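I opened a new page for this structure.

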Amino acid sequence: MANDRRKQTGQQLLLRFQEGTNLRDRLEQIARANGRSTTAEVLLRLERSLKDDDAVPDFTVDFRLQALEADVAAIKKKLGM
């Protein structure tokens, strides 16, 4: 049947692509080349990206502030302050 589709579960997210970019087309081409749906390709890439973020130290505002404070201290020391 034409309307016979798998029941889809999970939360849905509306995603808009900025006009003038070809990001959606690129994702569709890559998904086809990998034998996946565009949704499956996007989810796989998001999961990989988040996993990569977990592997890298957390560059939070506190971490950046500490680095800046160390830079300021080093500059003050050089200036004799």
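My entries on the pocket and the salt bridges follow.

**Entry 1: the model.** I noted at the start that this is a predicted model.

**Entry 2: the largest pocket.** I looked up its volume and found about 890 Å³ of space. Its lining has 20 residues. Gln12, Leu13, Thr38, Thr39 and Leu43 lie nearest the centre of the pocket. Next I sorted the lining by class: 8 residues are nonpolar, 8 are polar and 4 are charged.

**Entry 3: helices in the lining.** Which helix gives the largest share of the lining? I found that H2 does, with 5 residues. Helix H1 (23-33) and helix H2 (38-55) each supply at least two lining residues.

**Entry 4: salt bridges.** I searched the whole structure and got 3 salt bridges.

**Entry 5: the pair in H1.** Arg24 bridges to Glu28, and their closest N and O atoms are 3.1 Å apart. The two residues sit 4 apart in helix H1, so about one helical turn separates them. Glu28 is partly exposed, at 24% relative accessible area.

**Entry 6: the network.** Which residues are linked in a network of salt bridges? I found Arg36, Glu41 and Arg45. Arg36 meets Glu41 at 2.8 Å, N to O. Glu41 also meets Arg45, at 2.8 Å, N to O. Glu41 and Arg45 are 4 residues apart in helix H2, so about one helical turn lies between them.

**Entry 7: buried or exposed?** I checked the network residues in turn. Glu41 is buried, with a relative accessible area of 0%. Arg36 is partly exposed at 33%. Arg45 is partly exposed at 37%.

Technical notes
Residues are numbered from 1 along each chain as its sequence is written. This is a predicted model: local features need pLDDT of at least 70, side-chain atom pairs count only at pLDDT 80 or more; totals for chains, interfaces and linings use all residues. Side-chain values use heavy atoms; hydrogens and water are left out. On a 1 Å grid over the protein atoms alone, a cavity is a set of points where a 1.4 Å probe fits but cannot get out, and a pocket is an open set with protein on both sides within 12 Å along at least five of seven lines; lining residues have an atom within 4 Å of a point. Grid points are joined across faces, edges and corners, and a volume is the space filled by probe spheres set on the points. Ala, Val, Leu, Ile, Met, Phe, Trp, Tyr, Cys and Pro count as nonpolar, Asp, Glu, Lys and Arg as charged, and the others, Gly among them, as polar. A salt bridge is a side-chain nitrogen of Lys or Arg within 4 Å of a carboxyl oxygen of Asp or Glu. Buried means under 20% relative accessible area, exposed over 50%, partly exposed in between (1.4 Å probe, protein chains only).
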